[in-house]
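Thanks for coming. I will go through a few places in one structure, and you can follow along on the screen.

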Amino acid sequence: MNGTCVYSIRGRLTAITMLTSAAAMLLACALLLARHIVAERGELDVQLRSFGQLIAANSEAALASNDRGQAEAALSALRATSFLAGRIYTNRGVPAATYVNGSDVAVPVHPWHADGIVRRKNGLAEIFFPIIHNGKRYGTVYIASDQEDLRDRMKSDAQSMTIIVLVSLSAAFFLSSRLQRSISGPLVELARVARLVSRNKSFSARAVHPAGDGDDEIGNLMTVFNSMLAELEQRDQKLVLYQTQLESTVEQRTAELTLANEELLAAKNAAEKAACVNAQLARQSALILNSATDGIFGVDIEGEPSFLNPAGARMLGRSLPELRGRSMHQLIHHSDASGNPLPEENCSMGLALRRGDSVTDAEDLFWRPDGTSFPVEYSATAMFDEDGNKAGAVLTFRDITDRRAIEKLKSEFVSTVSHELRTPLTSIRGALGLLSSGLLGPVAEKGQRMLEIAVANTDRLVRLINDILDLERIESGKVELTRGRIDAQSVVNQAREGLQSIADQEGIRIVVEPHAGTLWGDSDRLIQTLTNLIGNAIKFSPANTTVTLSGTAGETEFTFCVADEGRGIPEENLSSVFQRFNQVDASDSRTRGGSGLGLAICQSIVTAHGGRIWAEKNEPAGTRVQFTIPLELGESVSRPAADATMLHPATSIRHDDPAVLIVEDDSDLARVMSEALTRHGLQTLSTSSGNEALRICTEQRPSLIVLDLGLPDLDGFRVVCELRKNPAIENVPLLVYSARDVGSADQSRLRLGPTEFLTKSRGTIADFESLVLSLLAAATTRTKDEPHAA
Amino acid sequence: MPPKQILVIDDENDIQEVARLSLQLTEHWDVMSANSGAAGTLLALSEGPDAILLDVMMPDMDGPSTLRVLQQQGVQIPVIFLTAKVQPADRERFMRLGVRGIIPKPFDPLTLGQQIRAMLAWG
């Protein structure tokens, strides 16, 4: 490929050189040859003329004499030469002598010319030379020579020249092919590089000057070419770089786009799904709301009805449009079971909305437009929007007519059974008690022992019936806890006092570790629980051991602990002791006289309070039973509106409403009185102790005092006497509600502010209520000092 | 001082008898008894006892009805219910009627009199 191509630079350069050399040499050779020929011919002519002259001179005489022999002799001189033929003509043109060197030479017959000029004809050079002597012409000499010598010499010359030319051309070729490289080499290199670039599409190749220098035009060309290549390569690299960058950028952008696209798609799918879910949820919600058998009733922030589901509409006998723009309370909750109006400001729904919490009531009454009512269980809960703002309230309620009927049946059944069992037991217990007392006459020792066994077991049977009834009522939720603030130390002390005599009999020491805490619960039930636990602890402890009562206040609850040093409970039974009729030792129920329900009742009570109860091993011996009761946490505690907070011992009062202090040692009667007054919107405080009554009076100044005269500590007279010493109390209205009639002398000792007397056996609770109300009205009138009041 | 007169009204003769016997033996009170509300009312009106021990669950006139009749007749004799109905709701209901006390059945025959004395504030 390299240079072999006929069109290649190298080929052409060689060809040009060779052609030029060949032409020059041929021209030179031709010239030389021509000159040679001319010179040879001149020499021949000279010879011809010289010999002609000679012969002419030699033959003058012979001719003059007409001597042919002489003529012949003159002519024979030619024999020494290479002349071909000769003839001597007479003046008349007759041949006188002839010489022929060979046979085939045609000697002219006549002398055609006689001018001494060499003529060439038919490969012969001939001359006719006149023979003149003394001005007279005697004849003519003819000499002819062939040109063989000349031709041979020309031929040999030509051969020599050819050799010379060939050698010269070879040398020229060799030289040119060597020398042309200085020109063609760089060009070929350029061409190669160019082809390489073109073929490989790469600008990395560089032309290298074969001679190593680049000062000439080609060198410059190469340099330029190389720099151009470098430039191109650089551009190419840049281009590649740009391309790569572009590609990576494109790739990156594509990836970003893909990602964005995917995200978009995902978001779109999520949104569609969410929309779908939302729609489904909405359908589901609607379905749930529409299918719910409970009534669901929503009110907006203004307290106006905004939603009512079909079940609710059916139960209330109203549709939402009928309710719109009207007060829920006025429509369905306006009165209690007896038809007494209920003030709207106490409405649980309104309370939930105002306080932003929830209230529940297991037993209330809703009214229909036709004036009928139905018992309901409901819960009212404030609703908040996403920003935490109050958005209204939702009331869910359930018609509990059927449940109530069943509960009533059950309750009746239980109480009937209980009564029916008690009636024969009363006779048995009474008869056995009288027999064993010996009041009916002496009984034999063994008979006495049997009677005592019968009495003990009758008592046990009665306890069992009581416990069954109690447990049943607590667990069925029939017993509502009458919650209030309770001092933890005080309930422990009360429970302990009730059991102190038994403990003393058994030789058990009861230690109460000091502890403080205000609880939120039913004090009677807590005392019952503690009594049960302490009783158990005593029962299962040997003499001369200690039962320790302690308590600790946590953040939200108070933990009571009753610890004994008795025989303890096996580990595996610690959790099952709270089950009904589950006594650790089967013989216990017989020998210890328990019903087997005590701990179950404790658990029910604690659970109803929202607490926990558990038993664990006491170190080093015995058992430790602990239970928790919620702490009173002030106003933040959500309290059911229907809670009987104010029916029972409470230690503080609100100052806006009138508060009545009930001093009565019969707790049942106190509770009845308290409930009656609460129905009139009064707050009540109760105490069974005269001293406690004095303390409450000085601290809280009640609006009215209801006083029983027979109190366990101070009697009523002492209480009034003390109260009179306090200027803040001496004008407080007083209602003396005593077991016996109070004589007029005593009445004067009992007066405080406006005072009324009521004897328990004569007055009903209704009388009590009206007396309290009239006393309060009188006191208010007096306080406000309005002369025209009724 | 003459012994206190107590009227026991209960439809269960056995209970009447046990109650009468225990009050007689422990307190030496003069005890009379009736086995219906109607008979008891008549006896109360004619004899004027110092206290009435009244059963609640009786056929025809039950305890509360008998009490109402007595109150309507202006009888001011203190009444104590002697009852097997021991649930708090019942007790509250009875207290509203104006009874002086409630003694649950079964009772201890040896302390029955003490309980009555405490309720009636008899020394």
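Start at A:V512. Setting aside neighbours within four places in sequence, this residue is in contact with A:V492, A:N493, A:R496 and A:L549. What you are looking at is a predicted model, so keep that in mind throughout. A:V512 itself belongs to strand β12 of chain A, which covers residues 509-512.

Next, a pair of helices in chain A. Helix α10 runs over residues 401-437 and helix α11 over residues 445-475; their axes come within 9 Å and cross at roughly 160°. Angles over 145 degrees count as roughly antiparallel, and α10(A) and α11(A) are therefore roughly antiparallel to each other. Their crossing is left-handed. On the α10(A) side, the residues that meet α11(A) include A:V414, A:L421, A:L425 and A:I428. From α11(A), the residues taking part include A:L451, A:V455, A:L461 and A:I465. By class, this contact has 13 nonpolar, five polar and four charged residues.

Now the sheet, also in chain A. Which strands make it up, and in what order? There are five, in the order β19-β18-β20-β21-β22, forming an open sheet with parallel pairing. At the edges sit β19, residues 683-687, and β22, residues 755-759, each pairing on one side only. From one strand to the next, the twist averages 15°. Strand β21, residues 734-738, pairs with β22(A) in the parallel sense over five bridges. For A:S738, the bridge partner in β22(A) is A:T759. Helix α17 of chain A, residues 690-700, packs on the sheet and touches β18 and β19. The direction of α17 makes about 165° with that of β18(A).

Last, the contact between the chains. How many residues does each chain bring? Chain B gives 29 residues and chain A gives 29 residues. On the chain B side, α1 (13-27) and α4 (88-97) each supply at least two residues. The most comes from α1(B), with seven residues. Sorted by class, the side of chain B that touches chain A has 16 nonpolar, four polar and nine charged residues.

That is where I will stop.

Conventions:
Residues numbered from 1 in each chain as written. Chains lettered and ligands numbered in written order. Predicted model: local features only at pLDDT ≥ 70, side-chain atom pairs only at ≥ 80, totals over all residues. Contact = placed C-beta atoms within 7 Å. Helix = DSSP H or I, 4+ residues; strand = E, 2+ residues; numbered from the N terminus. Nonpolar A, V, L, I, M, F, W, Y, C, P; charged D, E, K, R; others polar. Axes fitted to C-alpha atoms, helices over the stretch in contact; angles between N-to-C directions. Parallel < 35°, antiparallel > 145°, perpendicular 65-115°, else oblique. Left-handed = near helix turned anticlockwise from the far one by under 90°. Pairing = 2+ DSSP bridges.
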